[in-house]
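Student: I have a chain open on my screen. Could we go through it together?
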Amino acid sequence: MSLIDGIFLTLLNTVACLALPKLLSVIVAGKSKSTAFLPESSSEIPSFS
């Protein structure tokens with residue numbers, strides 16, 4: 001493997017390591033928003049005291 005190949009693979013790996021976690025967090029955040037718990041529409045707030 002030549003020096004240019006090594007540099008190219010290093011840059012590609014760097015971009016992947018920086019981009020994939022952000023992409024995964026966006027996907028997970030999008031799924032959690034769509035499946036978020038929706039409270040009941042009652043006007044009373046339960047008291048636990």
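Student: Where does Met1 lie?
Tutor: Met1 lies in the segment before α1 (3-34); helices are DSSP runs of H or I with at least four residues, numbered from the N terminus. This is a predicted model, where local features need pLDDT of at least 70, side-chain atom pairs count only at pLDDT 80 or more, and totals for chains, interfaces and linings use all residues. Residues are numbered from 1 along each chain as its sequence is written, and side-chain values use heavy atoms, with hydrogens and water left out.
Student: Is Met1 buried or exposed?
Tutor: Met1 is exposed, with a relative accessible area of 81%. Buried means under 20%, exposed over 50%, and partly exposed in between (1.4 Å probe, protein chains only).
Student: And how much of the protein chain is buried?
Tutor: Buried residues make up 0% of its 49 residues. The protein chain has 1 helix and 0 strands.
Student: New topic: where is Ser25?
Tutor: Ser25 is in helix α1. At 41% relative accessibility, Ser25 is partly exposed.
Student: What lies 2.7 Å from its side chain?
Tutor: The backbone oxygen of Lys22 lies 2.7 Å from a polar atom of the Ser25 side chain.

Terms used. Helix = DSSP H or I, 4+ residues; strand = E, 2+ residues; numbered from the N terminus. Polar contact = N/O pair within 3.5 Å; in protein donor to acceptor, adjacent residues only side chain to side chain.
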